[in-house]
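Open the model in your viewer and keep the selection panel at hand. The stops below go from a pocket to its helices, then to a helix pair and a sheet.

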Amino acid sequence: MLSHYQYHPWSWLPEPATPVWGYRLTQGIHVATGTATVPLLLVKLWSVYPNLFRWPVVRSVKHAAERLSVFVLVGSALVQLVTGFLNTLHWYLWPWDFASVHRFLAYVVIGSILLHISIKLPDIRYGLSAKVADADVLTEIPWQDNPASHTNAGDTAPPRTDALTRRGLLIAVGTGIGTVLVTTVGETITPLSPLGLLANRQASSGPAGVPVNRTALEAGVMHAARSPRWRLHVHGPSPFLLSEPELLDRARTDAHLPIACVEGWSVGASWRGVPLLDIVREAGGNSDSRVHAVSLETGSPYNNSFIEGPQLAAALLATHLNGERLDLDHGFPVRLIAPDRAGVLNTKWLHRIEIR
């Protein structure tokens, strides 16, 4: 929900600018949790798949509801995790809008989990209250349908099972999840980046020590961004143009802000540039203005962004990154950078600022 709000904030409640690491934290937890859920879901499917081969397929209305809830839960969870993981790889194999489907599918997953828990509540109570040595929770036969179960047959010896013990399963699952977390979370928690064997990106990779999601070549702006005719067009009550030398002459403000992307990686960085609010005021706007930042890139839904409220007051039109002139892949000649903001909304290769 917090990630979605980055894209569609309410007009009466603009996104905050503090803490500056807010989006970095929430999106890092979002992606790390999703990644850690992959082994958990696989183990869950492994533990229950024999139920798919039981006959009859449906034994009662309650059993039919349970099967339906499992079908919706498993299907939605698999699609959610697989597409979410592929999104971190920038590998889009589907025709739909990922952000919208990912959001609404999350509601389906949450609803199906609650429905499944409510249907299985009697079994959950029985399993939690019974001792493993006395009960039949490992036979994978519903206890109410098993005449030989301890509950139905009385004080009889528990059946022998060759499966893992409950403790063994918990240790195996915990070890798997811990391994996945430690080897991937370094793309957000930079001190752990040397352990990032399964991480999609290293935090220090890329020009000026900052990773790149979309290069200038992929965006098709190689020529336009380096053209000597480039100008920053500022539209407002008092419009004006800024050339690159004029922009560099104004770039005297430094800020240390993290850049965090929806794919889960993030890194702190030092930026230098021109306060966006100074440009807005010069064009006739003020701190209550809504600003539209437009890129040289065309044909992409993320070639522009809106900024207002606290983030506008703290935003920079960045010309330098970590002490170096902005690299072409980082948005040369100028890009937007603001605190507590999704990386994709820090528009690169700017050529137009509109004050509304």
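**Stop 1: a pocket**

Select H2 first: among the elements lining the second largest pocket, H2 gives the most, with six residues. Helices (H or I, at least four residues) and strands (E, at least two) are DSSP runs, numbered from the N terminus. This is a predicted model: local features need pLDDT of at least 70, side-chain atom pairs count only at pLDDT 80 or more, and totals for chains, interfaces and linings use all residues. Residues are numbered from 1 along each chain as its sequence is written, and side-chain values use heavy atoms, leaving out hydrogens and water.

The second largest pocket holds about 210 Å³ of space. Show Thr-35, Phe-85, Val-180, Thr-184 and Leu-198, the closest to its centre of the 17 residues that line the pocket. Then colour helix H2 (22-48), helix H3 (61-88) and helix H7 (166-184), the elements that give two or more residues to this lining. By class, the lining has nine nonpolar, seven polar and one charged residues.

Terms here: a pocket is an open set of points on a 1 Å grid over the protein atoms alone, where a 1.4 Å probe fits, with protein on both sides within 12 Å along at least five of seven lines; lining residues have an atom within 4 Å of a point. Volume is the space filled by probe spheres set on the points, which are joined across faces, edges and corners. Ala, Val, Leu, Ile, Met, Phe, Trp, Tyr, Cys and Pro count as nonpolar, Asp, Glu, Lys and Arg as charged, and the others, Gly among them, as polar.

**Stop 2: H3 and its end**

Follow H3 along its 28 residues. From first C-alpha to last, H3 reaches 41 Å, close to the 40 Å expected at 1.5 Å a residue (1.5 Å times one less than the number of residues). Just after H3, pick His-90, with a positive phi of about 60 degrees.

**Stop 3: H4 against H5**

Select helix H4 (residues 98-119) and helix H5 (residues 121-129). Their axes come within 4 Å and cross at roughly 65 degrees (lines fitted to C-alpha atoms over the stretch in contact; angles run from 0 to 180 degrees between N-to-C directions). Ile-117, Ser-118 and Ile-119 of H4 meet Leu-121, Pro-122 and Ile-124 of H5, with contact meaning heavy atoms within 4.5 Å.

**Stop 4: the sheet**

Show the open sheet of five strands, ordered E2-E1-E10-E5-E6 with mixed pairing (strands pair if DSSP finds at least two bridges between them). Strand E5 (residues 291-295) runs antiparallel to strand E10 (residues 350-355), joined by five bridges.
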